[in-house]
Each structure stands twice: as C-alpha cells, then as structure tokens.
Amino acid sequence: MFSKTVKRMPIALMRGGTSKGIFIKGGDLPPQGDERDDIILRIMGSPDRTGMQLDGLGGGISSTSKVCIVSESKETQFDVNYLFGQVSIKERKIDWKGSCANLSSAVGLFALRNGFTKSTKVASPASKGYQSVSVWQENLGQHMVIEVANPSLVKERVSIPGVPGLAPPIKVRWVSPSFPGVNMLLPTGNVVDSIVLKDNAKQIAATLICGTNPTVFVRAEDLNLSGHELPGEINYNKTLESDIEHIRNVAAKLMGIDMPNDGLRVCWVASPKSYAATNGEIIDASKINILARITTPGRVHHAMTGTGAGNLAIAANILGTIPASKCVASSVSAEETVNSTSLNIGQPAGIMQAAATVGQKDAEDFEGIEGTELEGSFPFVKSVELIRTARFLMHGYTELGDESYQTCVD
C-alpha cells in the first residue's frame, strides 16, 4: 500500500560491471511521475551542488548515481522489465532515455534473488550451469538475455577491468538491438558523416551508430588526443568538454534524437598502442585490437560503458567506419554479408572484451524509411555480447526522512 507518511523504502544496492546503483521493485514505488522521481532523488542525495551526494546513497559520479526499477513482466517471453534512470547529481532530474548495460548484469542477479523468473530453464547447452533471465529493457524497447552463473556449478571466476578481484561470470546479450525512433543502425545511411567543430570550424569525420545506445565515434587525433590518455589527464579540459558537447548536439540532429539525452555518448578511438592502465598495469599493444575512451555525463568514463563497448564491436564489423579503420586484424571485407567480431578493447582500466554479429538487409526491409531516397543494403545487428560480473552490496531499507513523499509502508 502507499501512504503519504514517508517511512522507509526497501531497496538493494548493487554493483553491476563497472557501475553501481540502487535497485527497487516496481511495485514498491508510486507510478511514473514527479512523486516517484522525488523519492529516488531523496534516496540518492540529489540535488547536491557540492557534487558529493553526502545525504544519500549516490557516489558523486555518474557511474554510481543510477537507479534500476525491476518488475515482473506480464509478457510470457520475458521474465522482467528493467527501467533505468540516470540520476543527476547537481540537478533535480532523472534521465529515463537511456540504458546501462553494466547494471543489466545485476538485473539478472536481482531477478533471480527475488524469484522473478518464470522457470529454472538452463540458457543453452553451451551455458551449462547458467540461469537465463529474459529481460525487456523498457527505456529503449530492447530484448536482453542475462545468463547468471551458478557459483556451485560454474567454477570459472573472471576479473573485469576497473573492478578488483574475481567473481562468477555473467553473460549479457542483446537480441537484435535498435534505438527507439531511429529506423536504422546507421541513422544517416552513411558509414561516415562530417561534423564541423565549434568556433574553429574544423571538420572531422564521425561514425554515428544507434545499436545498444546512440554513440558517436571519432578519431582521437581529430580531438588532439592520442587515445591512450587516462581520465584524470583530460577530465575538466574545458576545450575538450565544449567540443564533446557540440559533437553530441550536432550528432543528435543528424540521428533524429531529441536532446537533452545523457545516453548519447562520444567515443574516440585509435590504433593499438601500449599504455599504463589506471591501476598501473602495462597494457601491451599486441593484446588489444583498438584503443577507446568514452564520455559519461560530466567526465570521461573511468572504464568503458557496456553500451559503448557493444556499439564499438558493432562498428568494427562495418566496412568504412571509424572504428573499423582503427582496428588491427579486422575481419571486415567488402564481400561479407554477415560479420562476427570479438574485440579486445584497450580502455582506461584495462582490456575489455565485446562481441557482435552484424548482417545486411535491403533498405526496403527496414521499417519507417518509406519515401526516403535510401537504396541498396545496410547493416543491422543480430546480437551483441559482453561478459560482466555483479554482486549485491546490501539489501534492506533506506530511511527517507519526514518529508511528505508517497512510499511503501509495512
């Protein structure tokens, strides 16, 4: 039941991949609207002009200021619905337009812990010892399959860059992902578009992809970067920050995406070079296929977004894109109609793996592009896969104070 007397809210705090956020059952919150958002902002400690979120569970950076609302799905083909919110730190707002692939790994764990799965089916013969959770990603209308290892059956333990220690693997897979309102993987129909930078009128090449999330890929050198910088070296660089925001806004218009949208990221790439990761480990150029750095609200991501890594694997499969031109040992060829590439991505925290399978189909087979001048065949995504880890950090109740928010009471 709901009461206007605020008492406490049952939540879980979870790490998923290189992100952290609060998880709430959909039935424990009011319906969509200001009342729901105010409760979440209160839990996270936002807005906080100091940027520290001291009066809440947020961690003061975008990667730890996130909320996942998970509900049992009414559709037979899905176990759960997953709604993601990027909670602003300094402003009273939550962006519900994107998704977090890192936290999607924790969605599978949360669903299993709370008995939200419709069966105890095994994902596939190749995934013995894994529990499959079928997820409907509500923000973007995407089907995801999360395969969670049973630690007593799967003895393998993996490490992911940016997270200390070892943990059972969690397989994150998108099934033919696309972006709402955008009809093609390459929204303009081009593998490369041109963007003129603000003020200095410099023109740069960009690949615009709408797969797991909207992403703009540019060459590091076009931003006067090497591609192997660490976030601390370039965060708060006002010139770079201005260029990134300009690129995002120009790309949004080309892609047909409404702004503001925190989910639209800019990723700069370079050919492999050896570099020191944030933990001091030397990453050998021979161990990676490409260097990549990606933005997150207000800064450069400390590792790599899951959606960004997925889009990078997609783009590496498409002849002529910026990422394909920077990859070593690229399998792309003009004759192929179905490509499947697994990438070792050199990102700030180390080496991250992502895989994608891309096919081709005629323009007339895409929905919503009738009446356009597009002809020929264009790429589409069959699947994208990542390996992540996740764990419960705590579950219990958060106190909300004496304000009159609507919340769940026992």
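Guide: Terms before numbers. A cavity here is a set of grid points where a 1.4 Å probe fits but cannot get out. Its volume is the space filled by probe spheres set on those points. Also, this is a predicted model.

Visitor: Fine. How many cavities of 30 Å³ or more does the structure hold?

Guide: One. About 140 Å³ of space lies in the largest cavity.

Visitor: What's the lining like by class?

Guide: Three nonpolar, 12 polar and four charged residues.

Visitor: Switching to rings. How many aromatic pairs?

Guide: Four. Take Phe23 and Phe110: their centres are 5.5 Å apart, with 40 degrees between the planes. That counts as tilted.

Visitor: What does that pair tie together?

Guide: Phe23 is in strand β3 (residues 19–25) and Phe110 is in helix α2, so the contact joins parts 87 residues apart in sequence.

Visitor: Are those two buried or exposed?

Guide: Buried. Phe23 has 1% relative accessibility, and Phe110 has 4%. The cut-off for buried is under 20%.

Visitor: Which residues do ring pairs link into a cluster?

Guide: Phe23, Phe110, Phe116 and Phe392.

Visitor: And which charged end sits over the ring of Phe392?

Guide: That of Arg113, 4.1 Å from the ring centre. Elsewhere, Lys361 lies over the face of Phe380, at 5.0 Å from the ring centre.

Key:
Residues numbered from 1 in each chain as written. Predicted model: local features only at pLDDT ≥ 70, side-chain atom pairs only at ≥ 80, totals over all residues. Heavy atoms only, no water. 1 Å grid on protein atoms, 1.4 Å probe; cavity = no way out; pocket = protein on both sides within 12 Å on 5 of 7 lines; lining within 4 Å. Nonpolar A, V, L, I, M, F, W, Y, C, P; charged D, E, K, R; others polar. Phe/Tyr/Trp six-rings, centres within 6.5 Å; stacked < 30°, edge-to-face > 60°. Helix = DSSP H or I, 4+ residues; strand = E, 2+ residues; numbered from the N terminus. Buried < 20%, exposed > 50% of the residue type's maximum accessible area, 1.4 Å probe, protein only. Lys NZ or Arg CZ within 6 Å of the ring centre and 35° of its normal.
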